[in-house]
Amino acid sequence: FWCLENLVKNGVDAMKGAGHIEVLIHKMASYIQISIVDSGHGVSKRDQKRIFSPGYSNKKTGWGMGLSLAKRIVESYHCGKLFVGKSSEKGTEMVIQLPYNEQL
């Protein structure tokens, strides 16, 4: 699942060599929630609205396409959601929610 790999790599980059990252999976009533929680520098409120825009990046290298592509894949191909759960100077939680139907 490339989207998950991309979110973990972004979290590792945000930690700049020190910290921790967790991938938490919860089964809810109608969806599966995957939370990627890092102890990096966080995402400002202003940037939380822009990070999923194609071409946006706060890195010196790269195209700024990772999060926009991940969001498109999760939403268009898996009928789910990708969003910033919470963020502060102590870290960020990125959330993927995927539909779940126990009858499938």
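Reply: The questions below go through the strands, the helices and some single residues.

Me: What should I know about the model before we start?

Reply: This is a predicted model, in which local features need pLDDT of at least 70, side-chain atom pairs count only at pLDDT 80 or more, and totals for chains, interfaces and linings use all residues. Residues are numbered from 1 along each chain as its sequence is written, and side-chain values use heavy atoms, with hydrogens and water left out.

Me: In what order do the strands lie in the sheet?

Reply: The order is S1-S2-S4-S3, in an open sheet of four strands with antiparallel pairing. Helices (H or I, at least four residues) and strands (E, at least two) are DSSP runs, numbered from the N terminus. Two strands pair if DSSP finds at least two bridges between them.

Me: Which strands are at the edges?

Reply: S1 and S3 (81-88) are the edge strands, and each pairs on one side only. From one strand to the next, the twist averages 15°. Axes here are lines fitted to C-alpha atoms, for helices over the stretch in contact, and angles run from 0 to 180 degrees between N-to-C directions.

Me: How many bridges join S1 to S2?

Reply: Seven bridges join S1 to S2 (residues 31-38), and the two strands run antiparallel. A hairpin of three residues links S1 to S2. His26 stands opposite Gln33 in S2, and Lys27 stands opposite Ile32 in S2.

Me: Where is Lys27, and is it buried or exposed?

Reply: Lys27 is in strand S1 (residues 21-27). Lys27 counts as exposed, at 54% relative accessibility. Buried means under 20% relative accessible area, exposed over 50%, and partly exposed in between (1.4 Å probe, protein chains only).

Me: How far apart are Lys27 and Gly40?

Reply: Lys27 and Gly40 are 13 residues apart in sequence, and their C-alpha atoms are 26 Å apart in space.

Me: What about S4, which strands does it pair with?

Reply: S4 (residues 91-99) is joined to S2 by eight bridges, and these strands run antiparallel. Gln33 stands opposite Gln97 in S4, and Ser35 has Val95 in S4 as its bridge partner. S4 also pairs with S3 in the antiparallel sense, over seven bridges. The bridge partner of Ser87 is Thr92 in S4, and a hairpin of two residues joins S3 to S4.

Me: Why is S4 largely enclosed?

Reply: Eight of the nine residues of S4 are buried, so the strand is largely enclosed by the rest of the structure.

Me: Let us change topic. How do the helices lie on the sheet?

Reply: H1 lies across S1, S2, S3 and S4, running at about 20° to S2. H3 packs on the sheet and touches S3 and S4, and its direction makes about 135° with that of S3. Contact means heavy atoms within 4.5 Å.

Me: How do H1 and H3 cross?

Reply: Two packed helices are described by the angle between their axes and the distance between the axes. The axes of H1 (residues 2-15) and H3 (residues 66-78) come within 9 Å and cross at roughly 145°.

Me: Which residues meet there?

Reply: Trp2, Cys3, Asn6, Leu7 and Asn10 in H1 meet Gly66, Leu67, Leu69, Ala70, Ile73 and Val74 in H3. By class, the contact of H1 with H3 has eight nonpolar, three polar and no charged residues. Ala, Val, Leu, Ile, Met, Phe, Trp, Tyr, Cys and Pro count as nonpolar, Asp, Glu, Lys and Arg as charged, and the others, Gly among them, as polar.

Me: Which loop holds Cys79, and what is its phi?

Reply: Cys79 lies in the loop between H3 and S3. The phi of Cys79 is near 55°, a positive value in a residue other than glycine.

Me: And what is the phi of Lys16?

Reply: The phi of Lys16 is near 50°, a positive value in a residue other than glycine. Lys16 is in the loop between H1 and S1, and Lys16 counts as exposed at 70% relative accessibility.
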